[in-house]
Amino acid sequence: MNHNTSNHSDILVAGGGVIGLACAYYLARAGQSVRIIEQESMGAGASHGNCGWIFLSDLPPLCAPGVIGHELIRTLKGTSPLYIKPRPDLSLAFWLLRFAANCNRRHLAHAIKARDGILRVSGQLFSELFAEEDLDCDVEHRGVLMAFTDPATMQGYEKTNCLLEPFGLAATFLDRQAIRRVEPALNERVCGGWHHRADSHLRPELLMAAWTRAAREKGVRIDEGCRLDQFETRKGKVTGAQTSTGRFTADQFILAAGAWTPAIGRQLGIRIPVQPGKGYSITMDRPAVCPQIPCYLVERNVVVTPWQSGYRLGGTMEFSGFDDRLNERRLNNLETSAALYLQTPVGRRVTERWAGLRPMSVDDLPIIDRVPQLDNLYIATGHGMLGLSTATGTGRLITDMILGRRPPFDPLPFSIRRFG
C-alpha cells in the first residue's frame, strides 16, 4: 500500500535496540519502507552496555533442572548473582512460579534445540553482515573461555558440555597449566576451564552506531526521542501509533521494545510473560595484563570482554522492576569477583558504570510472532541475555513472517501462542 505522506511507511518498528534495528535492517534490505520510533536514542538500553558476545554455544536455558535450589544455596552464601528486591509484585511472583515450573528436563531439551536453531542461523547471518557492511565494532572470533576456581564445579561442567556435543558445540577441556597457556591473564587461583571456539565478541555500542548508519543508508527512517503512547486499533488491525511527537501509520507494525513490551501489550489486552532483569557493567581502559579471550568467571557469573579499544566486566541478574539506578555494591562485586580470576582485574581509567534492563521471558526463549488478536502486529521480545546473539536471526524471522517467506529455522518454539 502506498501513501504519499511522510508519516506513513510499510513497516513501523517500535523500539530502537538491537532487535528492532535488526528487524528494520532486514525488512529495508527486502525493499520495504521502514520507520523506527525510539523513546531515547538508538541502542540506549540493554543493547548499549552488555558484554558484546555472539554466544552461539549458549544453548542451555537459565531455567534448568536444579537451578532453583542451587541459587538458593548461593544466595545464603552471598555468592549468587541473583537479587530479587522485596516488594509486593504479583506479576513478578507469577513469573517466578512459571519460571520454576520450566526448570525440568523436558523443557531443557526443548529449549536447547530451539536456541540452537536461532543461534546457528544468527551466526551465519552475522558472518554475512560483517562481510557486506562496513561495521567497525572491534569484532573478533576467539571463542569463550569458561574459567573455574573450584575443581568440583569445573568437573560438573562436563554434563553441560555433553548436552552441546550433538550440536557440534562442545568445548575443549583445559587443565590448570593448559588454561594459562591459552590465556596468560588468568591467575594462580584458576584450576582449569573449558574453551568454546564457536563464539565471537564485539563492542555493542560501536555495533549499534555502525549498524544504525547502515540501516539509514538503506532508507530506514529513525525518530529518536519519540515515545510510543499507544497503538490505535480497529477491526482486528493496528491502524496507527500515537507518539509523543505525533501520529504514524503503517501497513505492518513490530513491537520490539525490550523490557517495556509487556506494558504496551497490556494496553492491547495481550499478556506477555516478560520481566525486566537488571544487568550491570563497568567499562574501562585495558588493564596492564589484559585477557585476549572473553572469559566467563563461572563461580561468580561474571563476564570479562576485552576489545582493542577497551575492556568490560559485566553480570548480575536483579529483579527490581524498572529501577535502573546504579547499585554500587553490585558494581563493586564485579571488580571483586574479577580479582579472584585475573592477574590484573581492572584498568586504570573507568569510562562508564552502567545498568540496563534485559527482557527476561518466563521460559528463557524469545517471543517472535504475529499477535493472534491483531493481523498486522508482530512482536519480538524476551531475548534475555541472548539479545545480541540472536538479533540477526530475529530480524530475518520477522522479515520472513511479514513477507510470507519460509523461515530458515523452526519458528514454533518462539510463538506467543505457547503461553496459552
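**Figure 1. Helix H11 is mostly covered, with 10 of its 13 residues buried.** Here buried means under 20% relative accessible area, exposed means over 50%, and partly exposed lies in between (1.4 Å probe, protein chains only). The model is predicted, so local features need pLDDT of at least 70 and side-chain atom pairs count only at pLDDT 80 or more, while totals for chains, interfaces and linings use all residues. Residues are numbered from 1 along each chain as its sequence is written, and side-chain values use heavy atoms, with hydrogens and water left out. Helices (H or I, at least four residues) and strands (E, at least two) are DSSP runs, numbered from the N terminus. H11 comprises residues 391–403 and reaches 18 Å from its first C-alpha to its last, close to the 18 Å expected at 1.5 Å a residue; the expected span is 1.5 Å times one less than the number of residues. The buried set consists of Ala391, Thr392, Gly393, Thr394, Gly395, Leu397, Ile398, Thr399, Asp400 and Ile402. Just after H11, glycine 404 adopts a positive phi of about 70°.

**Figure 2. Arginine 330 and glutamate 318 form a salt bridge between a helix and a strand.** A salt bridge is a side-chain nitrogen of Lys or Arg within 4 Å of a carboxyl oxygen of Asp or Glu. The closest N and O atoms of arginine 330 and glutamate 318 are 3.4 Å apart. Arginine 330 belongs to helix H10 (residues 328–339) and glutamate 318 to strand E16 (residues 310–319), so the pair ties together parts that are 12 residues apart in sequence. Both partners are buried: arginine 330 has a relative accessible area of 6%, and glutamate 318 has one of 4%.

**Figure 3. Further salt bridges involve arginine 87 with aspartate 89 and arginine 142 with glutamate 140.** Side chains of opposite charge can pair when their charged atoms come close. Arginine 87 meets aspartate 89 at 3.1 Å, N to O. Arginine 87 is partly exposed at 28% relative accessibility, as is aspartate 89, with a relative accessible area of 22%. In the other pair, arginine 142 meets glutamate 140 at 2.9 Å, N to O. Arginine 142 is partly exposed, at 34% relative accessibility, whereas glutamate 140 is buried, with a relative accessible area of 19%. A search of the whole structure finds 25 salt bridges.

**Figure 4. Proline 61 occupies the loop between strand E3 (53–54) and helix H3 (67–77).** Proline 61 is buried, with a relative accessible area of 6%. Leaving aside residues up to four places away in sequence, proline 61 touches His107, Leu108, Ala111, Ile112, Arg115, Asp363 and Asp364, where contact means heavy atoms within 4.5 Å. The C-alpha atoms of proline 61 and aspartate 363 are 7.7 Å apart in space, although these residues are 302 apart in sequence. Arg115 and Asp364 also take part, with Asp58, in a network of salt bridges.

**Figure 5. Tryptophan 95 and phenylalanine 319 form an aromatic pair between distant parts of the chain.** Rings of Phe, Tyr and Trp (its six-membered ring) pair if their centres lie within 6.5 Å; planes under 30 degrees apart count as stacked, over 60 as edge-to-face and the rest as tilted. The ring centres of tryptophan 95 and phenylalanine 319 lie 5.2 Å apart with the planes at 45°, so this pair is tilted. Tryptophan 95 lies in helix H4 (residues 90–101) and phenylalanine 319 in strand E16, 224 residues apart. Tryptophan 95 is buried, with a relative accessible area of 5%, and phenylalanine 319 is likewise buried, at 5% relative accessibility.

**Figure 6. Tyr25, Tyr26, Phe126, Phe130 and Trp211 are linked into a cluster by ring pairs.** The structure holds 13 aromatic pairs. Tyrosine 25 and tyrosine 26 are both buried.

**Setting of the views: the protein chain contains 11 helices and 19 strands.** Buried residues account for 57% of the 420 residues. Along its principal axes the C-alpha trace spans about 65 × 45 × 40 Å. Of the contacts between residues at least 6 apart in sequence, 77% join residues at least 24 apart.
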